[in-house]
Amino acid sequence: MKIAIIGLGNMGGGMAANLVKAGHQVQAFDLAEPALERARANGCACFATVREAVAGVEAVVTMLPNGAIVRAVYGNDVIGHAPAGALLLDCSTIDVASARDVAAQAEAAGYRMVDAPVSGGIAAANGGTLTFMVGGTDEAFAAAEPILSNMGKAVIHAGASGAGQAAKICNNMLLGASMVATCETFKLAERLGLDLQTFYDISSKASGQCWSMTSYCPVPGVGPQTPADNGYQGGFATALMLKDLTLAMAAAQEAGAPVPMGHLAQELYAAFDAQGQGGADFSAIIKTL
Ligand code: NAD
């Protein structure tokens, strides 16, 4: 299949390489020259503009920083420039409203479009083991599924247009809030004189058990190997958690949904990020408690 991919950064670079490995003819574009060089080395044909990259393709994949850029790239250079009937897949994490608006614009112009944000970081993008949460019609999902499978281990239909983004930010709001709760709980346990491994052994088998504790324990030396055991490097960056929590707060406000715990998690991650900790793994927030 001839596929365009726009946005070849930390995530898109590995995704482009996996599309090539799956046997597709990949036409790539990014604003940054180093990203284009990596794509070229991985077997992509690189182009000087989005419009040239999407010419003649059957599908367009985008992996871009935010909703404003996704709106601009689709509005100015994909819609009306990719062949009519092409399948459009936006894998960026963006606000639900932008995802729905761009899909509506694309569908009005005769394209099929899905929002397909991912769970899994750079290692999963490189390894082809991402999880995709997909919003769109049954027909668009059926067409998108085989392409996304080339870049991931799981592809889940979340619902209509925008549902992929909604699922992603709801999941990450729960993750942010549960990570803060896990961190403060371990700090309290410590102050109460509990041995932290013993507390882990108890709570991981009791009703306080959660993923932030048993799969991603923020305490070094307790539970499985996690970024905490590596100086809080690697893993999921604080700046990206803050981005997702901020999108969740915007969505909650628009939907009129009260999210007091999510709101507090967003404030705490904003303060941690402002301390210059945006690059640290999000479990490092335990250091502030
Ligand atoms: P990144 O900044 O490394 O890559 C973004 C790329 O987009 C850059 O190479 C940039 O040059 C390019 N770009 C920006 N504007 C462009 C334009 N107008 N046209 C073409 N290219 C343009 O970011 P990333 O880490 O790859 O993240 C991409 C998306 O994936 C984001 O929405 C992010 O929230 C999401 N995401 C990232 C991770 C992660 O661990 N990094 C995990 C899950 C989801």
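This is a predicted model: local features need pLDDT of at least 70, side-chain atom pairs count only at pLDDT 80 or more; totals for chains, interfaces and linings use all residues.
1. Arg112 is partly exposed, with 26% relative accessible area.

2. The partner of Arg112 is Glu139: their side chains meet in a salt bridge with an N to O distance of 3.6 Å. Arg112 belongs to strand S6 (residues 112–115) and Glu139 to helix H7 (residues 138–149), so this contact ties together parts that lie 27 residues apart in sequence.

3. A salt bridge also joins Lys168 and Asp244, whose closest N and O atoms are 3.9 Å apart. Lys168 sits in helix H8 (residues 163–191) and Asp244 in helix H11 (residues 238–255), so the pair links parts separated by 76 residues in sequence.

4. Are Lys168 and Asp244 buried or exposed? Lys168 has a relative accessible area of 7% and is buried. Asp244, at 3% relative accessibility, is buried as well. The cut-off for this label is under 20%.

5. Helix H8 also holds the pair Glu190 and Lys187. These two residues form a salt bridge, with 3.3 Å between the closest N and O atoms. They are 3 residues apart in the helix, so about one helical turn separates them.

6. Both residues of that pair are partly exposed: Glu190 has a relative accessible area of 42%, and Lys187 has one of 28%.

7. How many salt bridges does a search of the whole structure find? The count is 6, and among them are Glu139 with Arg112, Lys168 with Asp244 and Glu190 with Lys187.

How values were computed: Residues are numbered from 1 along each chain as its sequence is written. Side-chain values use heavy atoms; hydrogens and water are left out. A salt bridge is a side-chain nitrogen of Lys or Arg within 4 Å of a carboxyl oxygen of Asp or Glu. Helices (H or I, at least four residues) and strands (E, at least two) are DSSP runs, numbered from the N terminus. Buried means under 20% relative accessible area, exposed over 50%, partly exposed in between (1.4 Å probe, protein chains only).
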